[in-house]
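Please work through the exercises below with the sequence and the coordinates at hand, and try each task before reading its solution.

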Amino acid sequence: MGFSKEKMKQIRWLMVLAAALILGIIYSKELFGGLAFIFRIAKPFLYGGVIAFVLNLPMKAFENKVFRKWRGKAAAKLKRPLSLVLSIVAVNLVITIVIGTVVPQVTATAAEVGKKIPAFAERVMQELDALAVQYPEIAGKVTELEAVEINWDSLVDSVIDFLRNGAGDMLTSTVNVASGIIGGIVNIVIAFIFALYILAQKEKLGNQCVRIVSAYLPEKAGGAILEVCSMLHKNFSNFITGQCLEAVILGTLFVAAMTICRMPYALMIGVLIAFTALIPIVGAFIGCVVGAFLILIDNPLMAMWFVIMFLVIQQIEGNLIYPKVVGNSVGLPSIWVLMAVSLGGSLFGVSGMLFFIPLLSTVYALIRNGVNRRNAAKGKYFPLETQSREPEAPESAKSETAKKKGPDTASK
């Protein structure tokens with residue numbers, strides 16, 4: 001039995017796909033090397049896209065809320081650049097507040113720790129002396145260590161050899177570090193300029209992308225791609241907005257609670273926890289460790305109460321604030337949020353944690369919509385609140401049944 005043209009076309013595409021996969025596996029090293037080379041070239045433009053996406057959130061808020069009453073051509077021309085400038089100022093102001101609040105306090109605390117180290121070392125030596133008196137075995141081990149002779153001539157020769165043979169390597173490393181720093185600065189400048197161009201003409205660029213997809217792809221595939229891109233944009237925007245709002249709320253709670261309890265470094269620790277809370281799930285615990293260490297220098301008992309207070313506020317935030325502010329914004333259940341954080345963190349670190357939550361939320365929404373459409377096409381309906389009951393018919397099926405029964409029965 002012969003195959004139809006459509007079937008032959010599908011078989012041909014499957015053969016091409018299988019050949020491409022086999023070649024990709026055989027030349028995987030060259031393939032990944034080429035992808036890494038392309039990524040290095042496109043790195044400033046990717047960074048520029050990220051900067052543009054982040055700056056677009058406050059810029060859109062300025063345009064739609066602060067300057068929404070500006071009408072006319074002259075006002076419309078001023079609205080975009082003024083909103084862009086205010087967005088850059090707002091982001092830099094937030095960064096300056098965080099750095100200006102945290103860094104001086106950390107520096108002062110580090111200096112204070114340096115002053116307390118001699119007293120701490122003396123106390124440790126006294127404890128060791130007491131242990132040596134109590135346990136003579138320790139004193140014997142210390143005596144053996146003191147009896148060990150150091151061959152200073154050999155040590156000096158090793159240092160000279162290192163300086164002679166490693167001077168060139170150190171110089172090469174210094175040059176590489178300097179070139180890396182200069183390259184990083186250049187990439188940041190290019191990325192920032194590219195982000196400004198994107199934000200200034202975002203509607204035009206979006207229209208061009210839609211026209212390209214519509215011109216080169218079939219209508220169904222193009223519509224699906226545009227739908228996925230729209231969903232990704234929505235999820236990423238909602239996640240960033242919700243995460244920042246949740247961080248501000250959490251930091252405010254800590255500042256208020258620590259001020260009421262008269263704990264030291266209230267403002268600094270609150271800002272630090274708010275900043276680290278931008279990392280999902282685990283970020284606030286980083287701020288807790290740093291805050292507890294800072295308080296421990298002054299008052300160990302107060303540090304214990306701070307940890308207890310942190311656990312209480314973290315429970316309130318995790319059960320009440322986070323599900324309402326961030327969970328609803330991305331529409332992702334808690335178990336999938338944990339999976340996204342674990343997977344993204346293990347692959348790409350902190351950036352992976354931030355990236356994988358809205359990405360997995362989009363995948364989750366696509367799978368959910370596809371499953372619902374297929375079940376609806378089969379005449380099955382599964383309510384979200386329970387899966388154990390018998391499936392109910394969708395509204396379309398109910399209306400068809402009512403039509404078959406007749407108008408009198410349907411009215412009843």
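Two exercises with worked solutions follow.

This is a predicted model, in which local features need pLDDT of at least 70, side-chain atom pairs count only at pLDDT 80 or more, and totals for chains, interfaces and linings use all residues. Residues are numbered from 1 along each chain as its sequence is written, and side-chain values use heavy atoms, with hydrogens and water left out.

**Exercise 1.** Determine how the axes of helix α2 and helix α7 are placed relative to each other, and which residues meet.

Solution. Begin with the elements: helices are DSSP runs of H or I with at least four residues, numbered from the N terminus, and here α2 spans residues 28–66 while α7 spans residues 219–260. Next, take the axes, which are lines fitted to C-alpha atoms over the stretch in contact, with angles running from 0 to 180 degrees between N-to-C directions; they come within 11 Å and cross at roughly 75°. Therefore α2 is roughly perpendicular to α7, a label given to angles of 65 to 115 degrees. Finally, with contact meaning heavy atoms within 4.5 Å, Phe 53, Asn 56, Leu 57 and Lys 60 of α2 meet His 233, Phe 236, Ser 237, Ile 240 and Thr 241 of α7.

**Exercise 2.** Decide whether Gly 270 is buried or exposed, and find which residues it touches.

Solution. Locate Gly 270 in helix α8, residues 266–276. Its relative accessibility is 2%, so Gly 270 counts as buried, the term for under 20% relative accessible area with a 1.4 Å probe, protein chains only. Then, leaving aside residues up to four places away in sequence, Gly 270 touches Gly 251, Phe 254 and Val 255.

Methods. Helices (H or I, at least four residues) and strands (E, at least two) are DSSP runs, numbered from the N terminus. Angles under 35 degrees count as roughly parallel, over 145 as roughly antiparallel, 65 to 115 as roughly perpendicular and the rest as oblique. Buried means under 20% relative accessible area, exposed over 50%, partly exposed in between (1.4 Å probe, protein chains only).
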